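Reader: I am new to reading structures. Please take me closely through one part, the salt bridges, and take it step by step.

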Amino acid sequence: MPDEVPLETPSPQEQGKFVEEEGSIQQGHGYRTQQHSAGSDIPSANWIAGGWNMYAENWVPYTAFSLFFIVTSFSSFLLNIYTENSIGTIFWFLSYPLHFGWFIAGSRVLKEKERLLREGDITTKVAPRLGDFFRGYYLFFPLSGYLIIKSIIIPLGFLFCIVPGFYLAVALSFVELVYIEYHRQGSFTEMDPGVSVPLGFFMCIEHSFHVIHQHCCEVWTFFLMIFFILVLGSISVLGLVIAWPVAMLSFIPAFQALFQFQMGRLPADQCNCYC
């Protein structure tokens with residue numbers, strides 16, 4: 001049997017070079033982008049299945065947070081109906097970071113499991129942390145900035161033509177998630193520092209457009225499946241409590257397939273509100 005050739009680990013300088021290969025790190029941007037060959041596709045149904053698996057593994061905390069989120073959203077709806085001022089709209093705006101609670105909590109679980117797997121530990125169970133569901137408030141101002149930008153750009157797209165509106169809605173759908181994972185703030189603990197360079201506020205928009213444009217059909221299919229799941233789940237309160245976290249957690253395997261997580265980067269316990 002021939003001797004095995006050991007794999008060589010490239011130096012940080014070599015890793016930082018701009019290459020057009022699959023999974024390459026682009027110098028000056030610091031993110032990974034998957035370059036799929038023409039005709040290849042990403043199975044969007046696997047993202048839904050991945051979300052279901054994550055929910056089934058830790059269904060109690062995800063269901064509890066979903067109940068809290070539904071009550072908060074319904075309260076905002078009632079305030080809009082029964083108050084003459086804009087208290088309901090302000091309340092909804094202030095609760096916007098809650099939309100990313102599943103993503104932040106679930107991505108930490110994913111990274112912790114990956115770290116334990118590298119250490120050879122396959123028995124330890126990893127559960128979401130309560131504080132992670134509310135960690136979006138550490139990034140309140142940047143996330144609110146994206147909300148304002150999307151609230152202006154997407155309606156303009158629908159105003160000029162319906163198709164651009166739908167395209168912009170899909171192209172910008174992951175921008176907050178890209179920012180949460182790749183922003184340049186010091187609000188993350190680097191367990192395994194790499195050579196990646198974080199993205200700025202507007203660079204996250206550019207990167208989201210770039211990746212979603214390459215996989216527009218897959219993302220469209222994904223959102224259609226999410227829509228049908230939520231419609232079926234809304235038949236009853238119990239169904240909605242289950243369907244909502246499954247739908248939100250599905251964004252984690254979708255993000256991993258489209259953008260890739262930085263597995264060595266975990267949220268730290270500090271607040272940074274600048275971009």
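Author: The count of salt bridges here comes to eight. Keep in mind that this is a predicted model.

Start with Lys113 and Glu57. Their side chains meet in a salt bridge, at 3.0 Å from N to O. Lys113 belongs to helix H5 (residues 101-118), while Glu57 belongs to helix H2 (residues 44-57), so this pair ties together parts that are 56 residues apart in sequence. How open are the two ends? Lys113 has 35% relative accessibility, so this residue counts as partly exposed. Glu57 is also partly exposed, because its relative accessible area is 32%.

Now stay with helix H5, but turn to Arg108. The side chain of Arg108 meets that of Asp132 in a salt bridge, at 2.4 Å from N to O. This pair, too, links distant parts of the chain. Arg108 sits in helix H5, and Asp132 sits in the loop between H5 and H6. They are 24 residues apart. Are these two residues buried or exposed? Asp132 has a relative accessible area of 0%, so Asp132 is buried. Arg108 has 5%, so Arg108 is buried as well. The cut-off for that word is under 20% relative accessible area.

Side chains of opposite charge can then pair when their charged atoms come close. Look at the surroundings next. Arg115 is partly exposed, with 23% relative accessibility. Glu112 is buried, because its relative accessible area is 10%. This pair also belongs to a network. Salt bridges that share partners join Glu112, Arg115, Glu119 and Arg129.

Lys113 in helix H5 reaches a partner in helix H2. Arg108 in helix H5 reaches a partner in the loop between H5 and H6. Then look for Arg108 and its partner Asp132.

Technical notes: Residues numbered from 1 in each chain as written. Predicted model: local features only at pLDDT ≥ 70, side-chain atom pairs only at ≥ 80, totals over all residues. Heavy atoms only, no water. Salt bridge = Lys/Arg side-chain N within 4 Å of Asp/Glu carboxyl O. Helix = DSSP H or I, 4+ residues; strand = E, 2+ residues; numbered from the N terminus. Buried < 20%, exposed > 50% of the residue type's maximum accessible area, 1.4 Å probe, protein only.
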